[in-house]
Amino acid sequence: MRFKWDYDYIKISKYFYTFSIIITLLGILSLAVFGLNYGVDFRSGSNVDITASKSVTKEEIEPVLEEIGLAADEPQISAGSDRISIRFPSVLNEEQESSLKASFNEKIDPEASFEVNTVDPEMAKELGRNAIYAVLLASLGIMIYVTIRFEWRFAVAAIVALLHDAFVVISIFSIFRLEVDLTFITAVLTIVGFSINDTIVVFDRIRENLRFSKIKTRTDLNEVVNRSISQTMTRSLYTTVTVFIASLFLFLLGGESIRMFSLAMVIGLVFGAYSSIFIASPLWAILKGKQKPNHNNPSKTTP
């Protein structure tokens, strides 16, 4: 079955712009007041990975931590199999590590092995800076490529859409106090990749349609953009929905260690899909509409 997606996307994009601006302002306010709920990857703390010889539940571990005085820090426990992860918000000293290992071996599994990773404050700050640099460098590289491959207006529109997608995910995590760790940064970079992929598909169709269109008025330009979006809508939806379903089931059925990654992907895919249609393309039309017309060839665009 082939669907028709003939709508005036430029006209209704103003409602999506309003929605995105509201989310952005709420995110800025939340970040200014509360900041992000950083996980142990971005703050000082200890992560204890345990390999057991049998399946161990969270309920078995909690009494052990209470007995040795480590439950007061409210550590995060990921258990339910023979691989257990315990994240402590504070750095464990040698005595606490020894007590944890001894108590676990004595009361739960004498054959368990332990791996303790500690993040100090300076390392946490460095990880945070590197995460920001990664997103900025990725955006810069995309902007340079799109400028060379298309034109600077496409590049500006693409980067605005990408930063919109990334910031919306960050804003939602800040507003709802969801934990931000290294897997979250991976999810944001993955979202950027999916989003630019959808955006480039639409931009390529816009450029192709411009070659066979005579653009004399702003209405003509909007018609080309609307037609281009309609022609690529089915492909974009198929791609997005496929990845969305996989990410959703990872979130619902996956382990605790990838839950925030999956949630960030679910949110980012939704916003990435609509930003390519209702943010990037209309923004390009606005920028292009301000270009002085080429009287020799009104439909000509910068290659």
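**Entry 1: the cavity**

I began with the lining of the largest cavity, to which H6, H7 and helix H8 (259-289) each supply at least two residues. I keep in mind throughout that this is a predicted model. Searching the whole structure, I find 1 cavity of 30 Å³ or more, and for the largest cavity I note a volume of about 70 Å³.

Which residues line the largest cavity? I list Ile191, Phe194, Ser195, Asp198, Thr239, Thr240, Gly268, Leu269, Gly272 and Ala273. Sorted by class, this lining holds 4 nonpolar, 5 polar and 1 charged residues.

**Entry 2: H6 against H7**

I turned next to the packing of two of the helices that supply the lining. Helix H6 covers residues 182-210 and helix H7 covers residues 218-253, and I read an angle of about 150° between them, with the axes 9 Å apart. Because angles over 145 degrees count as roughly antiparallel, I describe H6 as roughly antiparallel to H7. I also record that the crossing of H6 and H7 is right-handed.

From H6, the residues that meet H7 are Phe194, Asn197, Asp198, Val201, Val202, Arg205, Ile206, Asn209 and Leu210. On the H7 side I find Leu221, Val224, Val225, Arg227, Ser228, Ile229, Gln231, Thr232, Arg235, Ser236, Thr240 and Val243. The residues of this contact divide into 10 nonpolar, 7 polar and 4 charged.

**Entry 3: H2 against H3**

Finally I looked up helix H2 (residues 58-67) and helix H3 (residues 94-107), whose axes come within 10 Å and cross at roughly 135°. The crossing of H2 and H3 is right-handed.

In this contact H2 contributes Ile61, Val64, Leu65 and Glu67, while H3 contributes Leu100, Ser103, Phe104 and Lys107. By class, I note 5 nonpolar, 1 polar and 2 charged residues in the contact of H2 with H3.

Methods
Residues are numbered from 1 along each chain as its sequence is written. This is a predicted model: local features need pLDDT of at least 70, side-chain atom pairs count only at pLDDT 80 or more; totals for chains, interfaces and linings use all residues. Side-chain values use heavy atoms; hydrogens and water are left out. Axes are lines fitted to C-alpha atoms, for helices over the stretch in contact, and angles run from 0 to 180 degrees between N-to-C directions. Helices (H or I, at least four residues) and strands (E, at least two) are DSSP runs, numbered from the N terminus. Angles under 35 degrees count as roughly parallel, over 145 as roughly antiparallel, 65 to 115 as roughly perpendicular and the rest as oblique. A crossing is left-handed if the near helix is turned anticlockwise from the far one by less than a right angle, and right-handed if clockwise. Contact means heavy atoms within 4.5 Å. Ala, Val, Leu, Ile, Met, Phe, Trp, Tyr, Cys and Pro count as nonpolar, Asp, Glu, Lys and Arg as charged, and the others, Gly among them, as polar. On a 1 Å grid over the protein atoms alone, a cavity is a set of points where a 1.4 Å probe fits but cannot get out, and a pocket is an open set with protein on both sides within 12 Å along at least five of seven lines; lining residues have an atom within 4 Å of a point. Grid points are joined across faces, edges and corners, and a volume is the space filled by probe spheres set on the points.
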